[in-house]
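Q: I would like to learn how to read a few features of a model. Can we take them one by one?

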Amino acid sequence: MTVRQRLLLVEDEPTLRELLSASLRLAGFQVIAAETGAQALASVREERPDLIVLDVMLPDFDGFEVARRLREQPAGHHGTHPPILFLTARDAAEDRISGLRAGGDDYVTKPFNLEELVLRIQAVLRRTSGRRTDGLLVVDDLELDPDSHQVTRGGRPVALSPTEFSLLRVLMENTGQVMSREQLLDRVWHFDFNGDDSIVASYISYLRRKIDTREPKLIHTVRGTGYVLRRPRS
């Protein structure tokens, strides 16, 4: 890569932090390290990383809380927060769902393979980078620009997380078409949740609170089927 992408690694265990930092640098990334949740939040503001590799178990507050607080901060220069890949020994399904609901984009459990971790990081960066040039998407007064990663409603900017942006993009690319929860899981998250599709409902709720703050409402639930982003009827 010509411009090395910048990762924020948040891990309180010194040996693992040093190992991961060295491995990620060898893989071609710039790496900023933090040991606590407070340091992580400060580093996001100061360093503007392209992605956060975030341990869940931290000495001050856990990674889920870091993600929630990050979502409450003003978004970066592209109108989005950096994507988050959780890294943790907590492998229960409810922990994984909690992490994704908190704003995570992927969830890797310890012990892990370093090569797989790098591939997962690269996959999240590809999915959330906004480098594709598919043209402006417009539905009523809602606009999404894949190039700049910016979203506006009624001319006002809407700050979305990377996953929210990806979900809205899929809905807008399929305007008027009902998308099942399974289709959205596949198109947005690219891997399944052992049949638990509640993460889709959570992110639809996040989008509605940001997009459908004015009339007409654009995101609709089709009971028993899925969701559709629909132009208002004239």
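Q: How many nonpolar, polar and charged residues are in the lining of the largest cavity?
A: First, a caution: this is a predicted model. Sort the lining residues by class. Here the lining has 6 nonpolar, 3 polar and 2 charged residues. Among the residues that line the cavity are Leu-70, Arg-71, His-81, Ile-84, Asp-105 and Ser-161.

Q: What volume does the largest cavity have?
A: Its volume is about 60 Å³. The structure holds 1 cavity of 30 Å³ or more.

Q: Which helix gives the largest share of that lining?
A: Helix α3, residues 63-72, gives the largest share, with 3 residues.

Q: What span does helix α8 reach from its first C-alpha to its last?
A: Compare the span with the expected one. Helix α8, residues 198-211, has 14 residues and reaches 20 Å, close to the 20 Å expected at 1.5 Å a residue.

Q: Which residues of α8 are buried?
A: Start with the general idea. An α-helix has 3.6 residues a turn, so residues three or four places apart point the same way. In α8 the buried residues are Ile-199, Val-200, Ser-202, Tyr-203, Ile-204, Tyr-206, Leu-207 and Ile-211.

How values were computed: Residues numbered from 1 in each chain as written. Predicted model: local features only at pLDDT ≥ 70, side-chain atom pairs only at ≥ 80, totals over all residues. Heavy atoms only, no water. Helix = DSSP H or I, 4+ residues; strand = E, 2+ residues; numbered from the N terminus. Expected span 1.5 Å × (residues − 1). Buried < 20%, exposed > 50% of the residue type's maximum accessible area, 1.4 Å probe, protein only. 1 Å grid on protein atoms, 1.4 Å probe; cavity = no way out; pocket = protein on both sides within 12 Å on 5 of 7 lines; lining within 4 Å. Points joined across faces, edges and corners; volume = space filled by probe spheres on them. Nonpolar A, V, L, I, M, F, W, Y, C, P; charged D, E, K, R; others polar.
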